[in-house]
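Please look through the model below, with attention to its pockets and to the ligand that accompanies the protein.

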Amino acid sequence: MELPQSVEIIEVGPRDGLQNESNFVPTQVKNEFIIALWRAGFKEMEITSFVSPKWVPQMKDAAEVMRVSGDHQGTIVLTPNKRGIDAALASGAKAVAVFIGVSSSFNQKNINKTTEEALDGLLPHIRSLKEDGIFVRACISTAFHCPYEGEIAPADTLALCRVLSDAGVDELSVADTIGKATPKESFSLFTLLKKELPEVLMAAHFHDTRKMALANIYASLCAGITRFDASAGGLGGCPFAPGASGNAATEDVVYMLHRMGIDTGVDLNLLNEAIRIVEPHVSRELDSWYYQSYKEEQSS
Ligand code: HMG
Ligand code: MG
C-alpha cells in the first residue's frame, strides 16, 4: 500500500469544536486558543463562522475573532449566505467555507432551506467569490448518513460535489456529519470522488460518534485523500445534527500519522498546550488518548 509522505490537517476546533459547546467560550480565550494552534504549525484553520447568532450564539463574536486572529494566510471562515459572506470579506477573509448537506431534511434544520434552494442560493455567491480571488471551500454534510433520512446514496453525494466543483470551488470537504460511516464506506466514496472529480482539492471530515474516525481516516488515506479536517481535543458537532459528537481529535490523528512516518508539520507538544488553554472553558471532558496521556505525564 503506497501512502503519502505528508498530509495537510485543516484544524477546525475553533469553529466546529466551539459552535456546539453549551457554554459560550469567552472571545479572549478563543483568540488565545487560535493563536496557540497557529504556533503548533497548522497551515489552515477554520477559526469561526459568520452565521446567525440566533441560530448559533457561540459564533456571535466572529468579527472580533477575525480582528485578533484572522491575519494568518491559512484562515478560513464559514458563511451560510450573502450576509455572512459580506461580513467575512469585510473582516479581511481570503478563504471562505460555504456549507450544504446532501440531505434536504438536514439542510432544513441547519439552514432553513432544501438542498435545491440552498444550491440555487450558493452558486452565484461561489462565482462572485471566485471573481474576487477568494479561496472557496465547500463543506458537504451528510455525505454518508443523515440523522433524519438515513443512508445517503453515493450517487447523490457525487452529484452535489460535481455541481459545486463545476461552479469553481477550490476544495470539497466531504463530511460524515454524525460519525456513522464505516472504513469500507469511506474507502468506497472517496475512491469514487477522487476518480470522478480529480481536479478539485478534496478533504475528509469525520465526526467520531462511533469511534470510527481514525479507521475512516486510514481508509481515506488508502483511497488517496491527503487532506483531513480534525478538531483539537476532539471537540465538535453540529447543533442541528442529533448524534453528531466531536470530530476526530487532531492530536490522535497527528500521533497516528507521525507513527506511520507521515509528516503533518504539527508539533504535538504545542498542540497539547493549545488544548490546555480551552479545556477549562468547555463543558465536556477532552478524552482523546493522546491528550490524556500528555496530562498524566505532566502530573507525574
Ligand atoms: P433564517 O432564520 O432562515 O434566515 O436562517 P433569516 O434571513 O430570517 O435570518 C434570521 C436572523 O439571523 C435575522 O435576524 C437575520 O438578520 C440574521 P433578525 O432580523 O431576526 O434579527 N442573519 C444573520 N446574522 C448574522 N450573520 C448572518 C446572518 N444571516 C441571517 N450570516 C440562516 C438562515 C442560514 C441564517 C441560519 O439558519 C443559520 O445561520 N444557520 C447556521 C447553522 C450553522 O452554523 N450550523 C453549523 C455549521 S455547519 C456544520 O457544522 C457542518 C460541517 O462541520 C460539516 C459536517 O460535519 O457535516 C461544516
Ligand atoms: Mg462538522
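A pocket, in the sense used here, is an open set of points on a 1 Å grid over the protein atoms alone, with protein on both sides within 12 Å along at least five of seven lines. In this predicted model, the largest pocket holds about 690 Å³ of space, and that pocket is the space taken by ligand 1. Its lining consists of 36 residues, with Val 51, Ser 52, Val 56, Pro 80 and Phe 99 lying nearest the centre, and by class these lining residues comprise 19 nonpolar, twelve polar and five charged.

Around ligand 1 itself there are 27 residues, of which Gln 19, Lys 54, Arg 83, Ser 141 and Thr 177 come nearest. A polar side-chain atom of Arg 83 lies 2.4 Å from an oxygen atom of the ligand, one of Thr 177 lies 2.5 Å from a ligand oxygen, and an N or O atom in the side chain of His 205 is 3.0 Å from an oxygen atom of ligand 1. The protein covers 76% of the 1100 Å² of accessible area that ligand 1 has on its own. Helix 1 gives the largest share of the shell around the ligand, three residues, and the shell as a whole divides into 13 nonpolar, ten polar and four charged residues.

The second largest pocket has a volume of about 280 Å³, and among the 20 residues that line it, Asp 208, Lys 211, Ala 249, Asp 252 and Asp 287 are closest to its centre. Helix 9 (213-222) and helix 10 (250-259) each give two or more residues to this lining, the largest share, three residues, coming from helix 9.

Conventions
Residues are numbered from 1 along each chain as its sequence is written. Chains are lettered from A and ligands numbered from 1 in the order in which they are written. This is a predicted model: local features need pLDDT of at least 70, side-chain atom pairs count only at pLDDT 80 or more; totals for chains, interfaces and linings use all residues. Side-chain values use heavy atoms; hydrogens and water are left out. A residue is near a molecule or strand if one of its heavy atoms lies within 4 Å of it. A polar contact is a pair of N or O atoms within 3.5 Å; within protein, one must be able to donate a hydrogen and the other to accept it, and residues adjacent in sequence count only if both atoms are side-chain atoms. Accessible areas come from the Shrake-Rupley method with a 1.4 Å probe; for residues, only the protein chains shown count as cover. On a 1 Å grid over the protein atoms alone, a cavity is a set of points where a 1.4 Å probe fits but cannot get out, and a pocket is an open set with protein on both sides within 12 Å along at least five of seven lines; lining residues have an atom within 4 Å of a point. A molecule sits in a cavity or pocket if more than half of its atoms lie within 2 Å of its grid points. Helices (H or I, at least four residues) and strands (E, at least two) are DSSP runs, numbered from the N terminus. Ala, Val, Leu, Ile, Met, Phe, Trp, Tyr, Cys and Pro count as nonpolar, Asp, Glu, Lys and Arg as charged, and the others, Gly among them, as polar. Grid points are joined across faces, edges and corners, and a volume is the space filled by probe spheres set on the points.
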